[in-house]
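Subject: Structure for your review

Hello,

Here is the structure I said I would pass on. My notes on the strands, the cores and a few backbone angles follow below.

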Amino acid sequence: QVQLLETGGGLVQAGGSLRLSCTDSEGTGSAYAMGWFRQAPGKDREIVAASSWDGVNTYYTDSVKGRFTIYRYNSKNTVNLQMNRLRPLFMAVYYCAMGRHSGVVLGQVCFWGQGTQVTVSA
């Protein structure tokens with residue numbers, strides 16, 4: 001079965017940077033869009049960024065545009081999320097996701113990572 005293994009979460013000061021990484025253990029990522037969601041305490045899970053299999057088509061939620069960049073490394077079955085200029089409101093559990101391609105890059109999610117905590121201090 002597909003396993004999405006996430007690393008890179010942690011504690012960072014506001015304005016700092018963090019890089020999340022997600023590896024598809026089965027190497028099936030090229031057939032799917034991949035992306036990152038987040039869920040803050042008391043909030044619904046929301047999409048943050050997504051990438052087509054080749055990295056050509058990307059999507060970002062408005063709040064992270066210019067701050068976050070998503071990268072696909074298909075030779076290593078990996079998707080990274082570079083997060084710069086972090087704000088306390090971005091504090092959440094971040095989940096790697098793999099799913100169907102759609103007009104908004106990532107549609108129906110088929111597989112989820114276990115989540116990695118991102119904490120941003122003021």
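Phe-37 stands opposite Ile-47 in E5. The model is a predicted one, in which local features need pLDDT of at least 70 and side-chain atom pairs count only at pLDDT 80 or more, while totals for chains, interfaces and linings use all residues. Residues are numbered from 1 along each chain as its sequence is written, and side-chain values use heavy atoms, with hydrogens and water left out.

Strand E4 (residues 33-39) and E5 run antiparallel and are joined by five bridges. Strands here are DSSP runs of E with at least two residues, numbered from the N terminus, and two of them pair if DSSP finds at least two bridges between them. E4 and E5 make a hairpin with six residues between them, and Gly-42 in its turn has a positive phi of about 75°.

On to the next pairing: E5 and strand E6 (residues 58-60) pair in the antiparallel sense over three bridges. Ser-51 has Thr-58 in E6 as its bridge partner. This hairpin also has six residues between the strands, and Gly-55 in it takes a positive phi near 80°.

Strand E5 (residues 46-51) is mostly covered, with five of its six residues buried. Buried means under 20% relative accessible area, exposed means over 50%, and partly exposed lies in between (1.4 Å probe, protein chains only).

**The four-stranded sheet**

Four strands form an open sheet in the order E1-E3-E8-E7, with antiparallel pairing. Strand E1 (4-7) and strand E7 (68-73) stand at the edges with a single partner strand each, so one side of each is left without a neighbour in the sheet. From one strand to the next the twist averages 15° (axes are lines fitted to C-alpha atoms, and angles run from 0 to 180 degrees between N-to-C directions).

Within this sheet, strand E3 (residues 18-24) and strand E8 (residues 78-83) pair in the antiparallel sense over six bridges. Leu-18 has Met-83 in E8 as its bridge partner.

**Cores**

The largest nonpolar core has 25 residues, of which Trp-36, Phe-68, Leu-81, Met-83, Leu-86 and Tyr-94 touch the most other members. A nonpolar core is a set of buried Ala, Val, Leu, Ile, Met, Phe, Trp, Tyr and Cys residues joined through side-chain atoms within 4.5 Å. Two or more residues of this core come from each of E3, E4, E5, E7, E8, E9 and strand E11 (116-121). E9 gives the most, with four residues. A second, separate core of eight residues includes Ala-33, Ala-50, Val-105 and Leu-106.

Where does Leu-86 lie? Leu-86 is in the loop between E8 and E9, and at 2% relative accessibility it counts as buried. Not counting residues up to four places away in sequence, Leu-86 touches Val-12, Ala-14, Gly-15, Gly-16, Ser-17, Leu-18, Phe-68 and Val-120 (contact means heavy atoms within 4.5 Å). With the same exclusion, the residues that Met-83 touches include Leu-20, Arg-67, Tyr-94 and Val-118.

Arg-85, in the loop between E8 and strand E9 (92-102), has a phi near 55°, a positive value in a residue other than glycine. Arg-85 is partly exposed, at 45% relative accessible area. Val-105, in strand E10 (residues 105-112), is not a glycine either and has a positive phi of about 80°. Val-105 is buried, with a relative accessible area of 9%.

Regards
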